[in-house]
Amino acid sequence: MKVLAKEGQILCPGDAIASGEDIKEIEGTYINGNELCASIVSKASIKGDNIRLIAMKGAYLPYEGDYIIGKIIDVNAPNWYFVDINCAYEAGLNIRDASNQYLDTERYGMTHYFSYGEVIFSRIQKVSDTMRIDLTMKENGLMKLNGGVLMPFNPNKFARILGKDDSMINMIQEKTNTKIFVGMNGLAWISGKALDIKKAKEVIEIIDAEGHIEGLTKKIEDMLKKGEKK
Amino acid sequence: MTAKKTEEKKTESRKSYKATGRIDKRKATEMRPMEMSIGFLPNCAGSARVKVGNTIAIAGVYGPKKARPKHEELKDKLLLRCYYDLVSFSVPDRARPGPSRRSTELGMVIKSALERSIFTEFYPRSMVEVFIEVVQADAGSRCASIIAASLALADAGIEMRDLMPAVACGKIDDLVCVDLTKAEEDYHEGEGPTDIPIAYLPNQDEITLLQLDGKISKEELAQAIKMGIVACKEIHKQMKQTIRSKYEKR
Amino acid sequence: MNEDFKKYALELAEKNKRNYGNRGVDETRNLIIETNVSMNSEGSAKVTLGKTIVVAGVKMEIGTPYSDRPNEGTLICSGELTPIADDLFEPGKPGEEAIELSRVVDRGIRESGSIDFEKLCIVPKEKVWNVLVDFYIWNNDGNLIDACGIAAIAALKVARMPKLDAENKIVSGEWSDQKVPFLKIPIPTTFFKIGDKIFVDADKEEQAVSEARLTVTSSNDKINALQKGGVGAFNIKEIEECLAKSFKIKDKILDVINKVN
């Protein structure tokens, strides 16, 4: 395999990344004859023969095991909550996966537990071949989110917002005095005092807009320090 | 003198378009200056603005999202919708706002062209909508629209085979050339204008849009399309540069 | 969820802060006006109000006058909620929201006497100018009425009269050196009520939790048009507050429009 792209290069759809008999398709690429080409606008990360593309933009695609933030949009079918998870496919939460405890919907009704417009921090349990998505709430840390503000962000910046070992998000939470949940599906939920939420939102917006730049952590640190002095 | 003779004489005294040269002094193979930018509409997943000479088109992309209406969703691939809209004050005689027969047809041919560049099988049961607004029209608006739409789709992160350039090649009287202006489309001397908009996928070497209005010989048509493909390759370079410079400059 | 955002917006308002950016409850977002964005129009303008972007253009046509006003030209404003502007806007015929928007902008311009309609008469009883102002929304981040009203006025302010030939027919693509006769600048300012607080120039998220809005269009010292929208209501004290504030805000917007030419 001959690597044609350079480390850090911005790739457009159609740009050749590598050529040869032994090229393999990776995420964000396709094979065109004997060339591996990019299919999305992305940044190339190349370590020897190890090639990875970092997408610049793009809608969220659901995978099993993803932690997501969703909004209950329908509670009309027996035993099912329908959840908008900020992507092309609606997700379903079955009542048996909605809690570790027994939920007595016969007695209290479905909306007693989750109702229209409510926000949940949940996990994708299964994605079928026809893109049917099942959620679960049966895990520690998964919960209904009350009294906060939602903000959308570019799902491709999820890792940058979290930071290495959650360092970035922990720093933002600590310095702004907020509680933040970040969904892999490009939604963040922030609670706290209004001014603190506003600050946290502004910081996440900057990471969202400039997440592909080196030295971002320093910039965010400075921004949060400035906020402290005031 | 008979009428026929008068006509002959007129033809003799008239200089051909090839002889007089193009109205705006361009070479036959020369395109008008182009400007391109991406990502200026915050609500859209992707957006682009393209200026070709005096023609300006903007495109905005939403999705992939839930297909609506539900009964139109495609079980195994993406539902692509494309809307072409001519802004009422983009042309000298005001265009009536809203869809027309022309805008409906153009939306459809643009969609067919773009769909070839997209990996539609990656997005079953979902929908991408492309909205195009032609803000200023001086011929070639469907080609400017395709360039803008292709850039906007890439900006939205939709998986594609390649970016898709487009250009109107054609023939004015006896001159085969690219990127016709409105004044050239209105040039009715001699054989008059022939307008051939094409779109091209460079790394697949495929023509994805092809229309023709006018009168042209087989040989001249082949020549025009070849000239159009060369022009498309140039446009393609500028499209890539537009995307790169957005992320590289910072 | 909406209730949570509302609580957040109101808590910020207590501190005279807003959802995004650095502004207070009574302040508008950054306003940028670019003119002559489309060369085939008589006049055109692009308005950027925060993240809301709209484009307006003027075209003139020759028509017959209304029988009760034989010496006057006419005005028609029309706008669409262009689907490029918002995921929630759907392609197709303008709905009630788009029609209300067009009519509120139209009334502001008409009632203020902004255009000198008598000067738009070509042959009394036979031929007058029809002024057609169309606006398109490119990005919806709330407060479309103000953005469209400002864009329409800016486009009219720079509009040139088309050229007429000896038979009083329009020479397509050519203009005379006359401008469209323009007298006053009506400016719409819209107030959004969230809870019991009044917000100026709401963004889309704020607008989504607002129960009622009031648009005040004024020129010089006169109020020319009002439009109350939404299911909520205003009391007389709140209306007076909106009217008083509208004149202050109007002057700021006027400063930007005055620079346009």
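No salt bridges are found by the rule across the interface of domain 2 of chain A and domain 3 of chain A. This result, like those that follow, refers to a predicted model. The two domains belong to a three-part assignment of chain A, in which domain 1 spans 2–55, domain 2 spans 67–145 and domain 3 spans 149–229.

On the domain 2 side, strand 8 (67–74), strand 11 (119–127) and strand 13 (143–145) of chain A each contribute at least two of the residues that touch domain 3. The largest share comes from strand 8 of chain A, with four residues. By class, this side of domain 2 of chain A comprises eight nonpolar residues, two polar residues and one charged residue.

In terms of contact, 11 residues of domain 2 of chain A meet 10 residues of domain 3 of chain A. The area buried between these domains is about 890 Å², of which 71% lies on carbon and sulfur atoms. Three residues, A:Ile69, A:Asn86 and A:Leu145, account for 54% of the area that domain 2 of chain A buries against domain 3 of chain A, more than any other three residues. The centres of the two domains, taken over C-alpha atoms, are separated by 26 Å.

The interface of chain A with chain C was examined in the same terms. Here, 17 residues of chain A are in contact with 14 residues of chain C. About 1300 Å² is buried between chain A and chain C, with 59% of this area on carbon and sulfur atoms.

Two salt bridges are counted between chain A and chain C. One salt bridge joins the side chains of A:Lys201 and C:Glu205, at 4.0 Å from N to O. Polar contacts are also present between chain A and chain C, amounting to five residue pairs with both residues at pLDDT 80 or more. On the chain A side, strand 14 (149–152) and helix 4 (194–210) each provide at least two of the residues that touch chain C. Helix 4 of chain A gives the most, with seven residues. The side of chain A that touches chain C divides by class into seven nonpolar, four polar and six charged residues.

Terms used: Residues numbered from 1 in each chain as written. Chains lettered and ligands numbered in written order. Predicted model: local features only at pLDDT ≥ 70, side-chain atom pairs only at ≥ 80, totals over all residues. Heavy atoms only, no water. Domains from an automatic or database assignment. Contact = heavy atoms within 4.5 Å. Buried area = accessible area lost by both parts, 1.4 Å probe. Nonpolar A, V, L, I, M, F, W, Y, C, P; charged D, E, K, R; others polar. Polar contact = N/O pair within 3.5 Å; in protein donor to acceptor, adjacent residues only side chain to side chain.
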